[in-house]
Amino acid sequence: MFLDPFEYVKDNTDIVEVAETYGLEVNNQNKALCLFHPDNNPSMSFKDHYFHCFSCGAGGSVIDLVMELFELSSIDAVKKINNDFGLGLDLSPGQKIDFKEYEKRRQEKAAVNGFKIWLDQTYSEYCRLSRYYWENMLRYKPNPLIGWFHPLYVEAIHRWEPINYILDILSRGSPEEQIQLYQYLKEVKQRECQRTLQQCF
Ligand SMILES: [Zn+2]
């Protein structure tokens with residue numbers, strides 16, 4: 001049985017090192033400007049052997065990254081990484097590697113891992129949001145003598161429950177609930193959440 005060349009390349013490289021070698025700037029939060037959409041605030045996040053873009057949803061392994069950077073097929077991306085990083089994989093025609101079969105598996109894995117990264121990231125961002133609203137509830141607590149509600153207090157009261165409901169699904173929901181949430185946040189809530197996050201930090 002042949003070694004899966006896609007797995008081999010993925011497991012034997014550090015995706016951040018590859019990204020940086022090819023000119024991407026990865027900040028100390030392990031994020032870079034996304035290659036897959038016009039991005040001026042780093043939203044492509046790296047974790048373990050994968051990346052995921054928080055804004056446009058693009059994701060994958062080091063192979064997808066190199067495919068996009070150099071406009072290569074997956075096989076040519078494997079060849080390039082193998083050469084540039086001296087991985088020593090024998091891809092000569094004599095090996096008769098069935099790339100098609102490996103390609104299918106590669107795409108499935110990339111999707112699953114992208115989802116895991118999204119879950120992690122979303123959880124930590126919603127924890128920050130939750131903390132932000134909690135602090136606003138305390139800071140702008142209405143004074144009964146004045147009888148006036150600070151808009152940030154009102155906002156915090158409104159957002160508090162939905163945000164904690166989302167946190168609950170992210171941490172304890174079933175896979176179906178989490179996928180539903182993913183679609184919901186991507187379509188409706190994502191931009192709103194990003195805007196609020198930018199205001200708070
Ligand atoms: Zn993106």
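Which residue of S4 is the bridge partner of Tyr50? It is Ser61. This is a predicted model: local features need pLDDT of at least 70, side-chain atom pairs count only at pLDDT 80 or more, and totals for chains, interfaces and linings use all residues. Residues are numbered from 1 along each chain as its sequence is written.

Start with the sheet. Its 4 strands form an open sheet, ordered S1-S2-S3-S4, with antiparallel pairing. Strands (E, at least two residues) and helices (H or I, at least four) are DSSP runs, numbered from the N terminus. Strands pair if DSSP finds at least two bridges between them. Strand S1 (31-32) and strand S4 (59-61) are the edges, each pairing on one side only. Strand S3 (residues 50-53) runs antiparallel to S4, and 3 bridges join them.

Helix H3 (residues 62-70) lies across S3 and S4, at about 105 degrees to S4. Axes are lines fitted to C-alpha atoms, for helices over the stretch in contact; angles run from 0 to 180 degrees between N-to-C directions.

Now turn to helix H5 (residues 99-139). Its 41 residues reach 59 Å from first C-alpha to last, close to the 60 Å expected at 1.5 Å a residue (1.5 Å times one less than the number of residues). The buried residues of H5 include Tyr102, Arg106, Ala110 and Trp118. Buried means that 20 or more other C-beta atoms, placed from the backbone, lie within 10 Å of the residue's own.

The axes of H5 and helix H6 (residues 151-172) come within 8 Å and cross at roughly 150 degrees. H5 is therefore roughly antiparallel to H6 (over 145 degrees). The contact includes Tyr126 and Tyr133 of H5 and Trp160 and Leu167 of H6, with C-beta atoms, placed from the backbone, within 7 Å.

Methods. Two residues are in contact if their C-beta atoms, placed from the backbone, lie within 7 Å. A residue is buried if 20 or more other C-beta atoms lie within 10 Å of its own, exposed if 12 or fewer, and partly exposed in between; C-beta atoms are placed from the backbone. Angles under 35 degrees count as roughly parallel, over 145 as roughly antiparallel, 65 to 115 as roughly perpendicular and the rest as oblique.
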